[in-house]
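Here is a short briefing on one protein chain.

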Amino acid sequence: MKNKQYYIADARKEQIIKAAIEVLRDYGYINTSLSKIASNAKTSTGLISYHFSGKEDLMNHTLLYLAEQEKAFIKEKVEIEQTYTGKLMTFIEEGIAYRGTKRENTTALIEIVFNVRTPNNVPYFRVEMNPEEELNVLLEEILGKGQKSKEFSDFDCKVVAMIIRGAISLSMSLPLDENDARLEDYSEKVKKNILKMIK
């Protein structure tokens, strides 16, 4: 069991990561610096360096944090549903809702994925298995089990999963306020069209 010191360290790390998300949202990856993050977090660059080995290490931890936040947001609602159709519709609905309510998280994630590179100079979005893949695995699992249970027709699960994830991601391009009705309308249209594809 973690002692008090570990909890304080974890809280500080999360505070720094949240500050990094805000700086990424406001300035983009290229213009994000440890000094800007420290200023936003109301701390010192020395404290950031104590917890993270540098900007890249902090970005890696931020990416994992963002992927975990999105996964938890969607998965919790999906697991309540009893049918695979219900699970799939919830996955789509919550994925789009997340982008409406947590736009800064998605913006920060995009900044990292498209700008950070691996030690072999490969952009993160080209890495075969990245943290976002866990949601793809969950989605393909829902589609595959839906086919086995005969709720869904025969189709290529990977292709349909990519279409769904693409439609969810594109909701970011809608110029919305947090509770904008256009987001809900878009969500309903995506669900309706996906149902036509899979039934």
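**Overview**

Buried residues account for 40% of the chain's 199 residues. The model is predicted. Its secondary structure consists of 9 helices and 0 strands.

**Fold and surface**

- Read from the N terminus, the order of elements is α-α-α-α-α-α-α-α-α.
- Among contacts with a separation of 6 or more, 64% join residues 24 or more positions apart.
- The chain has an accessible surface of about 11,500 Å². Carbon and sulfur atoms contribute 52% of that surface.

**Nonpolar cores**

- The largest nonpolar core contains 24 residues. L88, F91, I92, L143, I164 and I194 have the most contacts inside this core.
- Five helices each supply at least two residues of this core: α4 (55-80), α5 (84-101), α7 (133-148), α8 (157-170) and α9 (181-198).
- The helix that gives the most to this core is α8, with 6 residues.
- Another core, of 23 residues, lies apart from the largest one. Its members include I16, A19, I48 and L58.
- As background, nonpolar side chains tend to be buried together in soluble globular proteins.

**Contacts of I92**

- I92 is one of the residues with the most contacts inside the largest core.
- Leaving out residues up to four places away in sequence, I92 touches I164, I168, V190, K191 and I194.
- Two of these partners, I164 and I194, are also listed among the residues with the most contacts inside that core.

- Most residues other than glycine have a negative phi. Two lysines here have a positive value: K42 and K150.
- K42 has a phi near 55 degrees. K42 sits in the loop between α2 (34-41) and α3 (45-51).
- K42 counts as exposed because its relative accessibility is 77%, and the cut-off for exposed is over 50%.
- K150 has a phi of about 70 degrees. The loop between α7 and α8 holds K150.
- K150 has a relative accessible area of 71%, so K150 is exposed as well.

Technical notes: Residues are numbered from 1 along each chain as its sequence is written. This is a predicted model: local features need pLDDT of at least 70, side-chain atom pairs count only at pLDDT 80 or more; totals for chains, interfaces and linings use all residues. Side-chain values use heavy atoms; hydrogens and water are left out. A nonpolar core is a set of buried Ala, Val, Leu, Ile, Met, Phe, Trp, Tyr and Cys residues joined through side-chain atoms within 4.5 Å. Buried means under 20% relative accessible area, exposed over 50%, partly exposed in between (1.4 Å probe, protein chains only). Helices (H or I, at least four residues) and strands (E, at least two) are DSSP runs, numbered from the N terminus. Contact means heavy atoms within 4.5 Å. Accessible areas come from the Shrake-Rupley method with a 1.4 Å probe; for residues, only the protein chains shown count as cover.
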